[in-house]
Amino acid sequence: MLYREAGDFKTSYADDNQTFPIRFDRWRYYAVLVIAFGIVPFIINDYWVSAVFLPFLIYAIAAIGLNILTGYCGQVSLGTGGFMAVGAYACYKLMTAFPDINIFFHVILAGGVTAGVGILFGLPSLRIKGFYLAVATLAAQFFLVWLFNRVPWFYNNSASGQISAPERTVFGIEVTGANTEAWASYLFCLVFVVILAWLARNLTRGTVGRKWMAIRDMDIAAEIIGVNPLTAKLSAFAVSSFFIGIAGALFFAVYLGAVEVGEVFGINKSFLVLFMVIIGGLGSIFGSFAGAAFLVLLPVLLKNILVGTLGWPTDLAAHLEFMIVGALIIIFLIAEPHGLAQLWRVAKEKLRLWPFPH
Amino acid sequence: MKKTLATLALGAVMAAAPAMAEITMSALSYRTGPYAANGIPFADGYADYFTLLNERDGGVGGEKINLVECETGYNTEKGVECYESTKGEGVLVYQPLSTGITYQLIPKATADGIPIHSMGYGRTSAKNGAVFPWVFNYPANYWDGASHAITHIAEQEGGDLTGKKVALVYHNSAYGKEPIRTLEKLAEKHGYELSLLPVDHPGQEQKSQWLQIRRDRPDYVIMWGWGVMNQVAIQEAVNIRFPMDKFIGIWWSGSENDVLPAGDGANGYKALTFHNLGKDYPVYADLQTHVVDKGMAAGAGDQLGTALYNRGMYAAMLAAEAIKTAQEMSGETAITPAQMRDGMENLEITEAKMEALGLPGFGPEFKVSCENHGGDGYGAVAQWDAAAGTWSLITDYYQSDQEVIGPLVEEDSAAFAAEAGIEAGCM
């Protein structure tokens with residue numbers, strides 16, 4: 001009834017091409033932004049930020065990044081953890097080498113560095129596809145983690161090989177380090193999420209995105225109609241790595257504060273982000289958010305219910321958590337192989353017809 | 001989706017707020033994951049000792065202890081979640097049992113004013129309490145451990161290590177890298193040759209490292225391992241017939257779980273320790289009557305008397321003694337984390353105290369002070385007897401080489417103070 005196109009007249013091409021063609025969606029979008037920027041910062045505490053919001057926002061960036069590469073351009077990557085490590089270590093080196101520059105720029109530069117590394121490891125994609133490319137990116141994962149563990153320059157020769165984020169401020173407000181207020185770190189990440197999601201959405205519906213999708217759907221046909229596979233594939237690697245690098249930088253500097261590469265950016269991280277993308281929905285920005293929310297929030301929620309409310313032993317709860325999350329993943333993928341984003345699409349279709357489906 | 005989940009979770013958290021006890025302790029334990037085999041006995045020992053105090057003595061100083069356990073899986077992200085979810089409940093001291101999580105919590109806990117006790121792990125230079133006022137790592141740390149191992153080797157070799165080859169097999173993480181600098185310094189002093197063999201998390205794959213050991217034939221192998229890595233390393237050492245009495249593990253590589261899988265082959269394997277082993281102590285009789293017989297033992301209740309159970313119990317004992325000290329100092333029974341910190345800083349463990357607790361000769365005597373949060377660095381060597389299935393101490397407690405370690409602690413803590421902009425000084 002509320003959710004429909006009828007009566008919402010488009011009088012210009014710009015109107016016709018907008019991201020949310022339905023008025024209700026637009027309002028919902030603005031409402032989410034207002035809540036996220038205007039209300040949440042005033043009510044969150046340390047627990048909500050550290051356990052829920054920061055991981056959700058940062059994983060959402062990483063998932064969008066991987067979605068660009070895998071969902072939009074069709075290049076499977078298992079190197080996400082390694083690229084996040086590049087972002088984290090680049091950010092660390094920049095933070096310690098240029099302490100006077102705003103951390104905001106360090107994070108963006110860290111993304112830029114990661115984009116360069118991503119292009120380098122994307123080169124094999126010009127010759128190999130599918131599973132073989134996955135193995136090549138797997139090599140990137142292991143090589144990068146090994147590199148950051150092996151070369152002391154990357155961790156400024158600290159005795160433990162750990163990197164720790166020093167205190168840095170934006171407009172005089174601390175966003176990294178131990179004394180950061182909950183709302184400050186939340187808003188810092190939120191700004192990145194909104195900008196990057198907006199950027200991703202607009203890239204994917206423009207020329208660049210269409211080229212990626214042409215390559216994904218059939219690379220030979222795409223080449224015949226004039227899409228250059230070199231630029232299309234490498235740009236996908238670059239943009240994807242840029243996003244993932246920023247996610248890695250935020251993960252280290254804002255969320256964890258101290259990082260050990262093997263433990264935090266191991267192969268598990270690559271799989272986790274890949275699962276987010278697959279569960280959320282390949283080729284969908286919303287899907288990236290939904291996947292990140294699913295895999296970040298569900299374990300925390302289960303833990304709070306099983307241990308907190310029901311008072312079960314922690315080990316039993318931890319095992320059950322694995323089983324429940326795993327079962328839900330399987331159920332979701334059987335019920336809807338195209339992910340949560342497809343469920344959302346179907347729901348929207350139904351809503352448009354409601355309450356008269358015939 | 002986000003909103004509904006968030007609301008649900010909020011409801012769960014609200015419902016979860018427990019009945020507030022006067023003294024809350026936390027255990028960031030891990031009973032799952034690749035390190036669970038070692039995490040479980042420690043967590044059981046820690047929990048059982050507090051249960052014993054509650055059941056036998058009615059808590060500490062009349063205050064019941066509420067132990068909040070949180071599962072980290074040795075994962076730093078979950079560690080953060082655990083810390084944030086429990087710190088609001090007035091936890092007196094955190095014992096993360098993970099060097100990675102300790103590193104992460106040091107700045108956070110310092111900002112929040114909650115002490116951390118990383119007993120025999122974590123950041124070694126936290127020994128310097130003037131720089132790390134909220135972090136304690138008594139009674140011994142990794143650099144002490146490295147020195148203990150070298151001292152023991154020197155004894156075996158009649159005092160001269162010149163030209164000997166020593167290999168370090170270590171977990172390739174902050175934890176495993178801790179002893180490297182000390183071992184290098186000691187190599188300069190004693191003239192042995194050090195080779196480094198990193199093993200990546202979780203440590204199931206060590207064929208190449210042990211092949212290299214087989215080729216290089218070092219005289220001694222020192223190991224900094226944890227979890228499944230220990231079992232694999234000992235098995236591999238058995239496979240290449242490396243002499244077990246020349247294989248020395250740090251205290252985290254010296255539990256029953258580590259040596260049992262290798263069977264008789266592991267006989268003679270050595271590990272360092274900073275407390276005594278076995279269950280030949282009066283406190284075990286109390287544990288049996290007040291905890292086990294009442295069915296209140298933590299976990300499956302099958303870990304009593306193992307090396308890591310004893311260590312968990314030792315950690316709990318030190319925490320309880322620090323609470324007592326804090327209660328005496330402040331004159332209050334319901335102490336705050338800040339008072340707990342003062343208690344820890346003035347903790348003194350004497351033989352008389354340990355005997356009164358039913359743990360005679362269980363650990364070294366030491367006294368904590370502001371300048372020294374790390375104890376005096378006493379440790380001993382234990383050896384595994386595969387036929388009897390027991391660990392036993394083969395040396396007395398001896399002190400680490402303070403001449404080498406003192407300046408290292410000074411240097412590293414000064415570097416941290418400069419990096420973090422801390423003015424060193426006692427509180």
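Predicted model: local features only at pLDDT ≥ 70, side-chain atom pairs only at ≥ 80, totals over all residues.

Which residues have the most contacts inside the largest nonpolar core, and how many residues does that core have?

Mentor: The largest nonpolar core has 245 residues. Those with the most contacts inside it are A:I58, A:I61, A:A88, A:C91, A:I246, A:L250 and A:F252. Let's zoom in on A:C91. Leaving out residues up to four places away in sequence, A:C91 touches A:H106, A:V107, A:A110, A:A249, A:F252 and A:A253. As general background, nonpolar side chains tend to be buried together in soluble globular proteins.

Now for the helix packing. Helix α4 of chain A spans residues 80–97, and it packs against helix α12 of chain A, residues 267–280, at an angle of about 110°. Their axes are 6 Å apart. Angles of 65 to 115 degrees count as roughly perpendicular, so that is how α4(A) and α12(A) sit relative to each other. On the α4(A) side you'll find A:T80, A:G81 and A:M84, which meet A:I267, A:K269, A:S270, A:V273 and A:L274 in α12(A). By class, that contact has four nonpolar, three polar and one charged residues.

Last, zoom out to the domains. The assignment for chain A gives domain 1 as 1–7 + 21–43 and domain 2 as 45–266. The C-alpha centres of domain 1 and domain 2 of chain A are separated by 28 Å. Each of these two domains puts four residues into the contact. On the domain 1 side of chain A, the residues touching domain 2 are four nonpolar, with no polar and no charged ones.

Terms used. Residues numbered from 1 in each chain as written. Chains lettered and ligands numbered in written order. Axes fitted to C-alpha atoms, helices over the stretch in contact; angles between N-to-C directions. Helix = DSSP H or I, 4+ residues; strand = E, 2+ residues; numbered from the N terminus. Parallel < 35°, antiparallel > 145°, perpendicular 65-115°, else oblique. Contact = placed C-beta atoms within 7 Å. Nonpolar A, V, L, I, M, F, W, Y, C, P; charged D, E, K, R; others polar. Core = buried A, V, L, I, M, F, W, Y, C linked by C-beta atoms within 7 Å. Buried ≥ 20, exposed ≤ 12 C-beta atoms within 10 Å, placed from the backbone. Domains from an automatic or database assignment.
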